[in-house]
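Biologist: I am new to this structure. Please show me the model, and then I will ask about it.

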Amino acid sequence: MPDDGIDQDAFRKFEHDGWNSLSDGYHDHWEHLTPQIIPLMLERTGVGVGSLVLDIASGPGYAAGAAAAMGARAIGIDLAENMRDLAAANFPDAAFQLGDAEDLPFAGDSFDVVTMNFGVLHFPDAEKALAETFRVLKPGGRLGFTAWEGPEGSALGMATAAIVQEGTVKVDLPQGTPIFRFAEHAECARVLGAIGFEDIASTNTMLTWHLPRADALMESFRQATARMSALLGAQDPAKLPAIKAAMTEACKPFDNGTTTDLPMPAVLTVGRKP
Ligand SMILES: C[S@@+](CC[C@H](N)C(=O)[O-])C[C@H]1O[C@@H](n2cnc3c(N)ncnc32)[C@H](O)[C@@H]1O
């Protein structure tokens with residue numbers, strides 16, 4: 001086990017297996033959530049007609065698909081086979097392949113733009129993955145990546161607080177990158193600056209998760225996200241009704257009678273390879 005406490009192989013397998021089994025659930029529940037920030041990411045990275053774009057941790061293909069729709073030549077890469085297949089079915093105008101963000105199967109100086117939408121917190125070694133983006137970018141090319149902000153003021157924090165209150169977060173799961181690490185502008189600037197990026201800028205943006213009802217949060221998290229699904233799966237089953245009730249209570253202030261609109265603040269960070 002390395003000094004940072006992350007067993008990299010165990011975490012990579014956990015992520016692969018989790019996302020591979022949750023690909024359809026992720027798409028069902030978050031198809032309208034994570035894409036909300038993609039137009040800003042593509043604008044800030046300068047994607048246009050003919051740009052060569054690599055989208056890392058492409059999941060169901062949203063960012064690569066959006067870039068292709070703008071006339072870019074887009075490739076998405078993901079660790080999970082089922083995500084790759086779902087992306088290929090969703091966005092036939094982009095190309096999707098399997099691969100690891102920490103060991104990209106591309107030559108240096110290849111891409112005009114690299115995007116990574118809510119991918120960075122899923123890599124065992126985030127610095128290594130970010131250094132890989134620098135390697136494959138052409139000089140002058142831009143990286144854009146996003147991360148969730150929280151826990152305060154986020155549905156992620158609301159769900160975690162309910163588990164702390166009625167269950168436990170002290171469960172035996174592989175540890176990875178701390179979930180909110182790349183919400184810190186200074187940390188993004190430090191890590192990207194050390195790699196060699198210039199013109200680094202982070203921007204806070206509010207995304208909204210539209211749930212059908214206040215009591216849908218626990219099941220939606222369970223069906224859509226690898227870490228929260230595993231955390232809920234590790235709870236004493238007898239405590240799940242109380243956890244669900246606490247999550248529902250936390251959601252009620254956001255219920256408008258038709259939908260429950262939960263805040264999901266996020267941070268977009270962009271850097272340029274000199
Ligand atoms: C939260 S999803 C993000 C999906 C998508 N980018 C979006 O906009 O919604 C995280 C994705 O990271 C992928 N992933 C996890 N570890 C990876 C790795 N080491 N290399 C490449 N992809 C990885 C997962 O398979 C999953 O599809």
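Biologist: Which loop does Thr177 lie in?

Modeller: This is a predicted model, where local features need pLDDT of at least 70, side-chain atom pairs count only at pLDDT 80 or more, and totals for chains, interfaces and linings use all residues. Residues are numbered from 1 along each chain as its sequence is written, and side-chain values use heavy atoms, with hydrogens and water left out. Helices (H or I, at least four residues) and strands (E, at least two) are DSSP runs, numbered from the N terminus. Thr177 sits in the loop between α6 (155–166) and α7 (185–195).

Biologist: Is Thr177 buried or exposed?

Modeller: Buried means under 20% relative accessible area, exposed over 50%, partly exposed in between (1.4 Å probe, protein chains only). Thr177 has a relative accessible area of 2%, so Thr177 is buried.

Biologist: Which backbone oxygen lies 2.9 Å from a polar atom of the Thr177 side chain?

Modeller: Contact means heavy atoms within 4.5 Å. Not counting residues up to four places away in sequence, Thr177 touches several residues, including Val120, Leu121, Pro124 and Arg227. Phe123 is also among them. The backbone oxygen at 2.9 Å belongs to Phe123.

Biologist: Which residue has a polar side-chain atom 2.6 Å from an oxygen atom of the ligand?

Modeller: A polar contact is a pair of N or O atoms within 3.5 Å; within protein, one must be able to donate a hydrogen and the other to accept it, and residues adjacent in sequence count only if both atoms are side-chain atoms. The side chain of Thr34 has an N or O atom 2.7 Å from a ligand oxygen. A polar backbone atom of Ala57 lies 2.8 Å from a ligand nitrogen. The 2.6 Å pair involves Tyr26.

Biologist: How much of the ligand's accessible area does the protein cover?

Modeller: Accessible areas come from the Shrake-Rupley method with a 1.4 Å probe; for residues, only the protein chains shown count as cover. On its own, the ligand has 600 Å² of accessible area. The protein covers 99%.

Biologist: What is the radius of gyration of the protein chain?

Modeller: The radius is taken over C-alpha atoms, and the globule rule is 2.2 Å times the number of residues to the power 0.38. For 274 residues, a compact globule would be near 19 Å. The chain agrees, at 18 Å.
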